[in-house]
Amino acid sequence: MQPVTLYGAPHSLYTGKTRAYLRKQGIPYVERAADSRFRAEIVPKIGRGIIPVVELPDGTIVQDTVDILDHFERAGARISAYPPGPRQRILAHVAELYAVVGLTRHAMHYRWSHADRQDRFLQDAFTAGSGADQAAKVMARMQSYLPMLGVTPATVPAIEASYLELLDLLEAHFAQHPYLFGGAPSLGDYGLLGPLFAHLGRDPVPADLMKRRAPKVYRWVERMNAPDPDIPEFGDYAATYLAGDAIPETLEPVYRHMASELFPELADKLAMLRQFVADADPQEGAPVTERPHRRIIGSVATVFRGIAFESGVQPYVLYLWQRVTDAFEQLEPPSAAATREWLDNAGLAPLLDLHRPIRVERNQHLEVWGRKL
C-alpha cells in the first residue's frame with residue numbers, strides 16, 4: 001500500500017487527531033511540514049493555508065479532520081471510530097463537538113497564557129519548518145485569537161478550575177476503561193485527543209500538570225498515539241466497544257461537565273446566527289465568509305461559568321453540531337428514546353431541541369451554507 005502524505009506539524013492540535021487515527025488504522029503515511037510544495041500546490045487547491053491536509057496516492061486532497069476520518073471510514077477502517085451502539089455513537093459526536101467548543105479554550109489558554117514559562121519549547125516548535133520570521137507572525141496570530149475564544153483575565157481562573165475538574169473526571173474514567181466506550185477508540189476519543197495531546201499533553205506547563213494530577217489521562221494520551229490498542233494494564237479487557245451500547249457510569253459526570261460548558265454559549269451563538277440568517281439571507285452553496293481564511297461571521301455576548309465574555313461565532317460549529325442531530329434522526333424509535341433520556345439526564349437535550357435556522361456543509365474544502373431549516 002502506498003503511503004498517504006499528511007501535511008501537518010507536531011504541535012498542531014488537529015494534526016495530532018489525524019495522525020493518531022492513521023496510526024491506529026495501520027494506514028501508511030509520511031508526515032511533511034507545510035513546505036514550499038504545500039504552499040505552491042496544496043494551498044491553491046484547498047483555498048486557504050490550513051493544516052492538516054491529507055494527500056492520497058492518486059493525488060486526491062482531503063482537508064479537515066472530520067472529512068479525513070470519514071474518508072477512511074468509508075474506505076473501510078480496521079477498527080471503526082463509529083461505535084455500533086446508538087448512544088455510544090451519539091455521545092462520540094458530542095465529545096467531538098465539545099473538543100472544539102470547549103476544550104479549544106483550555107488548550108489555547110495553557111499554551112499562550114503561559115508562553116513565558118515555555119517560550120523556548122514554543123519557539124522551537126513554530127520555527128521548525130517555517131523559519132523564525134514566519135514563526136513569529138504565526139505565534140502572534142495565534143495569541144490574537146484568545147479573547148474571541150473567551151480567554152481573558154476575567155475568565156482565566158474559571159478556565160483553570162474547569163480544566164482541573166475535567167482532568168479529575170477523566171482520571172476516574174480512564175482508571176477503569178482504556179477509551180471512552182470500552183477497549184477501542186471512537187470519534188469522541190480522537191476529538192478529545194486533539195487538544196489533550198498537542199497542547200495540553202505536550203506543551204511543558206500543561207503536560208507537567210496532566211502528568212502530576214491525572215497520570216491515567218496522560219496514559220490515555222500515550223495509548224491514543226500507539227499503533228495498537230496499548231492496554232496491557234487492563235489485563236483481559238477486550239479491545240472492542242462495550243457490548244449492548246453500554247455507557248460506563250464514570251462517563252456520566254464527564255458529559256454533565258461538557259453540558260455545563262457547551263451551554264449557554266451554544267444557545268447564545270445560535271441566537272446570533274438566527275439574526276444573521278434573517279438579515280443576510282445567505283444562499284445555499286455560498287461560502288460562509290467572503291474570505292476563506294476568515295471563519296468567524298461575528299461575535300456574541302455570552303458567559304463561561306457565569307463570567308461574561310465576547311465569543312466569536314464560527315459556522316463550522318454548526319457543521320459539528322448537526323452531526324449529532326443527523327445521527328440522532330437516523331435512530332429507530334426505541335434507540336432514540338433511550339438516547340434522549342441519557343442526554344436529558346446529562347443536561348445535553350438542548351443539542352436536540354434548539355432550532356438551528358440553517359445547515360452548514362463543506363464543499364471543495366470550505367464551509368458553505370446549506371439549506372434553511
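Which residues does R356 touch, not counting residues up to four places away in sequence? Point 5 comes back to that.

1. Some ground rules. This is a predicted model, where local features need pLDDT of at least 70, side-chain atom pairs count only at pLDDT 80 or more, and totals for chains, interfaces and linings use all residues. Residues are numbered from 1 along each chain as its sequence is written, and side-chain values use heavy atoms, with hydrogens and water left out.

2. Start with the sheet. Strands (E, at least two residues) and helices (H or I, at least four) are DSSP runs, numbered from the N terminus, and two strands pair if DSSP finds at least two bridges between them.

3. β3 (residues 53-55) and β4 run antiparallel and are joined by three bridges; E55 has I61 as its bridge partner in β4. Contact means heavy atoms within 4.5 Å.

4. Helix α2 (residues 36-46) has F38, I42 and I46 as its buried residues. They sit on the same side of α2, because they cover an arc of only 35 degrees around the axis, taken from the directions from the helix axis to the C-beta atoms. Their cover includes β1, β3, β4 and β8 (366-372). The face turned away from the buried side carries the exposed S36, R39, A40 and P44. Buried is under 20% relative accessible area, exposed over 50%, and partly exposed in between (1.4 Å probe, protein chains only).

5. Back to R356, in the loop between α16 (350-353) and β7 (358-363). With that sequence exclusion, R356 touches L270, L318, W321, Q322, T325 and L373. R356 is buried but has no salt bridge, and the nearest side chain of opposite charge, E329, is 5.3 Å away. A salt bridge needs a side-chain nitrogen of Lys or Arg within 4 Å of a carboxyl oxygen of Asp or Glu.

6. One more arginine: R105, in helix α4 (residues 86-113). R105 counts as buried because its relative accessibility is 2%.

Notes
Lys, Arg positive; Asp, Glu negative; His and termini not counted.
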